[in-house]
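Colleague: I have this one open on my screen. Please take me through the fold, starting from the inside.

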Amino acid sequence: SWVFCWQHGLTKEDCCGTPSRGPSCFDSIFTRKECCSIGHAQLFPSAEPDPPDWAAAARWAAGESSATGQHPSFRRAQRKWEAGMANASVVLSEDI
C-alpha cells in the first residue's frame with residue numbers, strides 16, 4: 001500500500017530542497033507532503049480483515065435499536081479505514 005518516492009530517477013535533494021525542480025517532482029500520488037517528510041506515498045490504504053459478528057448482524061437485522069452501535073460498519077476502525085480510503089482516492093477521469 002506504500003511506495004517509495006525516490007525510485008524513478010528523482011531524489012529528495014532535488015525535489016524537496018530549495019529551489020526545487022518544481023511541480024514535475026510531484027503528482028496526485030507522490031505528493032510533496034508525503035515524499036518530503038517520510039519518503040513514501042500511500043498508493044492505497046490497507047484493509048484489515050474483520051471477522052463477522054453474526055450475533056450483532058442478527059440483532060441489527062431484527063431492528064434492535066442497540067444493535068446499530070455494535071454493527072461492524074459503525075466501529076471506529078471502519079470509520080478510520082473509510083477516511084483513509086477517501087484520502088487515498090483520486091478521480092482519474094470524469095465523464096460530463
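Colleague: Is Phe30 buried or exposed?

Modeller: Phe30 lies in the loop between α1 and α2; helices (H or I, at least four residues) and strands (E, at least two) are DSSP runs, numbered from the N terminus. Buried means under 20% relative accessible area, exposed over 50%, partly exposed in between (1.4 Å probe, protein chains only). Phe30 has a relative accessible area of 18%, so this residue counts as buried.

Colleague: What is the mean pLDDT of the chain?

Modeller: This is a predicted model: local features need pLDDT of at least 70, side-chain atom pairs count only at pLDDT 80 or more, and totals for chains, interfaces and linings use all residues. pLDDT is the predictor's confidence in each residue, from 0 to 100. In this chain 74% of residues reach 70 or more, and the mean is 76.

Colleague: In which helix is confidence highest?

Modeller: Helix α4 (residues 76–88) has the lowest confidence, at a mean of 77. Where pLDDT is low, the predicted coordinates should not be read in detail.

Colleague: What pattern does the chain follow along the sequence?

Modeller: The secondary structure comes to 4 helices and 2 strands. Read along the sequence, their pattern is β-α-α-β-α-α.

Colleague: Which residues does Phe30 contact?

Modeller: Contact means heavy atoms within 4.5 Å. Neighbours within four places in sequence are left aside. Also, the C-alpha atoms of Phe30 and Leu43, 13 residues apart along the chain, are separated by 8.6 Å. The contacts of Phe30 are Val3, Phe4, Cys5, Cys25, Cys35 and Ala41.

Colleague: How far apart are the C-alpha atoms of Ala41 and Cys5?

Modeller: Ala41 is in strand β2 (residues 40–42), and Cys5 is in the loop between β1 (2–4) and α1. Both are buried, because Ala41 has 0% relative accessibility and Cys5 has 6%. With sequence neighbours within four places left aside, Cys5 is in contact with Phe30, Cys35, Gly39, His40 and Ala41. Cys5 and Ala41 are 36 residues apart along the chain, yet their C-alpha atoms are separated by 6.4 Å.

Colleague: How far is Cys15 from Phe26 in space?

Modeller: Cys15 is placed in helix α1 (residues 12–16). Cys15 counts as buried because its relative accessible area is 0%. Cys15 and Phe26 are 11 residues apart in sequence, and their C-alpha to C-alpha distance is 8.3 Å.

Colleague: Which residues make up the largest nonpolar core?

Modeller: A nonpolar core is a set of buried Ala, Val, Leu, Ile, Met, Phe, Trp, Tyr and Cys residues joined through side-chain atoms within 4.5 Å. One member, Val3, touches Phe30, Gly39, His40, Ala41 and Leu43, not counting residues up to four places away. The 11 residues are Val3, Cys5, Trp6, Leu10, Cys15, Cys25, Phe26, Phe30, Cys35, Cys36 and Ala41.

Colleague: Which lining residues lie nearest the centre of the largest pocket?

Modeller: On a 1 Å grid over the protein atoms alone, a pocket is an open set of points where a 1.4 Å probe fits, with protein on both sides within 12 Å along at least five of seven lines; lining residues have an atom within 4 Å of a point. The largest pocket is lined by 10 residues. Nearest its centre lie Glu48, Asp50, Ala77, Gln78 and Trp81.

Colleague: How much of the chain is buried?

Modeller: Among contacts between residues at least 6 apart in sequence, 54% join residues at least 24 apart. The chain has 96 residues, and the share that counts as buried is 21%.

How values were computed
Residues numbered from 1 in each chain as written. Heavy atoms only, no water.
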